[in-house]
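Please read it beside the coordinates.

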Amino acid sequence: MPIWLRDLVGVNRSFRIKLILSLSGIILLAFGITGYFTYQYNLKLFEDEISKQFSRTNEETMAKMELKVQEIVRISQLIVFNPQIEKMISQINTNEDADSFNLYFDKRQIEEQIMQIKFDAPYVTGMYLYDLNGNPSYFSYTSSSINELDDETFTRIRSKLGDTSGNLVWMNMELPSSLESSGFRKSIVVSRLMKNSSLNTYGMLVMTMDESFFSNSVKELTKDGTGKVYLFNQMKELLYSNSPSDSREALNLLRDLQHTQVMGRHLFVQSESSAVSFKLVSGTSIEEIDKKNRDLSQRILFSGFISVLVTSGLIVLSTGNLLRPLKELLQGLRKVRAGDFDTRIKVRTKDELAYIGESFNAMAEHVGRLIKEVYMTQLSEREAELKALQAQLNPHFLHNMFNEIYWKLYLNDEKETASLIAAISEMLKYSLMPVRTLTTVGEEFQQIRNYVKVQSELFESDLETIIQVEEEVANCKMMRSILQPLVENVFIHAFRNKVSHKVLLIKARKAGDFLEIEVMDNGCGMDQQTISKLLGREGASRQRTDGRESLGVQSVLRRIELVYGEPYRLEMISVVDSGTTMRLILPYSTIETGELKHA
């Protein structure tokens, strides 16, 4: 036999290994199911938490940008509503023919006022005060990062202002720059019409800033290198983005985004500022979320695997102690099977296994005592040999021997054992009579009582037997020993796996012109296929699952068929795990006094 097959057979025969494997499998299945649903639940919570955190970060970034925008608004208001600047510009506009010195003096005053304000805003890369003709007549400041604004740029800026009533207009434009290789530098342009208290326009303010003005505020959203940021101005135009390659359709979708949404491989959230009417849309990579989810799942799997190993180890240790009584019981049964009835097992616990162990010890002691009393006590070898020879010549010797043992036990005040011997003696005497000799229902039931008594004393400790015989059928004729095989079948098959609360009900009654005898039990029951096999119905084999014929039931069926024929029969009704009812339908015929013959 191959080694792997021998190991597999060994595992199949070991109850301890099968128990460990079963418990480990159950625990593994429970861990797997629990882990799966826990992972799915935690995954949903994790995604929701990431979405909430990202939304909060987006809102915080929007709040920072709002402060910066309001700072620009404040600077523009300091310039536009500065009475000194407004006065100097009005003088320049009304004194077009003034000499150069006065004109220079007025512009110098404007420059001093603006540079004072500009000192608080180092991020401003350019600032211009245009007159109504589009010339930077009042003030012009440009850093090294960009060049002077040309006419085309001014025209584009002026076209955005329209009639804005002096509100700030934010734009993203490519301004001329000598530092960039392309000749242009992306910048943020802020402009507004300069209006006095009478709402008359007296000029135009233009300020420029690098994109770092906004990019410094969104570092928290782009720190992993995969985040995307889109800032839209009050006219829903893209003001700043760190992803310039998006299509127009994608930008339109992001501009109209109203809630958290997955687009492509990013999760996008949005925040709007009611104060400055800006909208910030940011996206985080789904791959980063998936990576964190994979890390979470690996941790769950690892912890589950460690838990299964620890649990399996604990099961191995615990089952060794729990199954020790069963192991000792198995060893004891093997010794009893080999004929050693002096075997006893040590009862270590107080649970169900302790009851089994105590029952085994009691059974071994009882059986050993019976064997010694019945076959060995006070019998010499010579007497036993003579008795055996006599038994071969005359079967009635056994009946006489049991009768002698009965009286000896009875006189020794061992009445319980004596009654058991008496029951066996009566059964032997009854069985020695010719099978063709008729008997009565009363006598047949008396032998059944003897048989049940022997079974109860020797093997069935937890058995409840109910025998009911109607008076009018007690003297009814019936075949000898036809009921005993059915009752024996109950103990052999119905109660084979039942440990406690065994109930056997046997009753006889008159049903019309028939004698009905029922044998009912609460044993393991049978399915219809097994019943068909036992009754030998057409198309069903009479062989049992172990290959042998059911001789007891078959003998009863055959005797009814040969002696009585139709319509007399044996009926069987059974439910698996609930019990079986066997019903004999026999002719009803009473025996008159002196008619019954005995062997």
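1. Basis. This is a predicted model, in which local features need pLDDT of at least 70 and side-chain atom pairs count only at pLDDT 80 or more, while totals for chains, interfaces and linings use all residues. Residues are numbered from 1 along each chain as its sequence is written, and side-chain values use heavy atoms, with hydrogens and water left out.

2. Overall make-up. The protein has 18 helices and 17 strands; these are DSSP runs numbered from the N terminus, helices being H or I of at least four residues and strands E of at least two. Of its 599 residues, 38% are buried (under 20% relative accessible area; exposed is over 50% and partly exposed in between, with a 1.4 Å probe and protein chains only). The accessible surface is about 35200 Å², and carbon and sulfur atoms hold 53% of that area (Shrake-Rupley method, 1.4 Å probe; for residues, only the protein chains shown count as cover). Among contacts with a separation of 6 or more, 62% join residues 24 or more positions apart (contact means heavy atoms within 4.5 Å).

3. Cores. The largest nonpolar core contains 42 residues, and Ile79, Ile110, Leu129, Trp170, Phe214 and Phe278 have the most contacts inside it. Helix 2 (residues 15-80) supplies the largest share of this core, with 8 residues. Another core, of 37 residues, lies apart from it and includes Tyr451, Leu515, Leu557 and Ile560. A core here is a set of buried Ala, Val, Leu, Ile, Met, Phe, Trp, Tyr and Cys residues joined through side-chain atoms within 4.5 Å. In soluble globular proteins, nonpolar side chains tend to be buried together.

4. Five strands form an open sheet in the order 7-6-10-9-8, with antiparallel pairing (two strands pair if DSSP finds at least two bridges between them). Strand 7 (238-241) and strand 8 (261-263) are at the edges with a single partner strand each, so one side of each has no neighbour in the sheet. From one strand to the next the twist averages 25 degrees. Strand 8 is joined to strand 9 (residues 266-272) by 3 bridges, and Gln261 stands opposite Phe268 in strand 9.

5. Helix on the sheet. Helix 8 (residues 248-255) lies across strands 6, 7, 8, 9 and 10, at about 70 degrees to strand 6 (228-232). Axes are lines fitted to C-alpha atoms, for helices over the stretch in contact, and angles run from 0 to 180 degrees between N-to-C directions.

6. The structure holds 13 salt bridges (a side-chain nitrogen of Lys or Arg within 4 Å of a carboxyl oxygen of Asp or Glu). In one of them Lys160 meets Glu237, with the closest N and O atoms 3.0 Å apart. Lys160 belongs to helix 5 (residues 151-161) and Glu237 to the loop between strand 6 and strand 7, 77 residues apart. Lys160 is partly exposed at 34% relative accessible area, and Glu237 is partly exposed at 27%.

7. Other salt bridges. Arg509 pairs with Glu518 at 3.5 Å between the closest N and O atoms; Arg509 is partly exposed at 25%, whereas Glu518 is buried at 4%. Glu561 and Arg558 form a salt bridge at 3.5 Å, N to O, and both lie in helix 18 (residues 551-563), 3 residues apart, about one turn of the helix.
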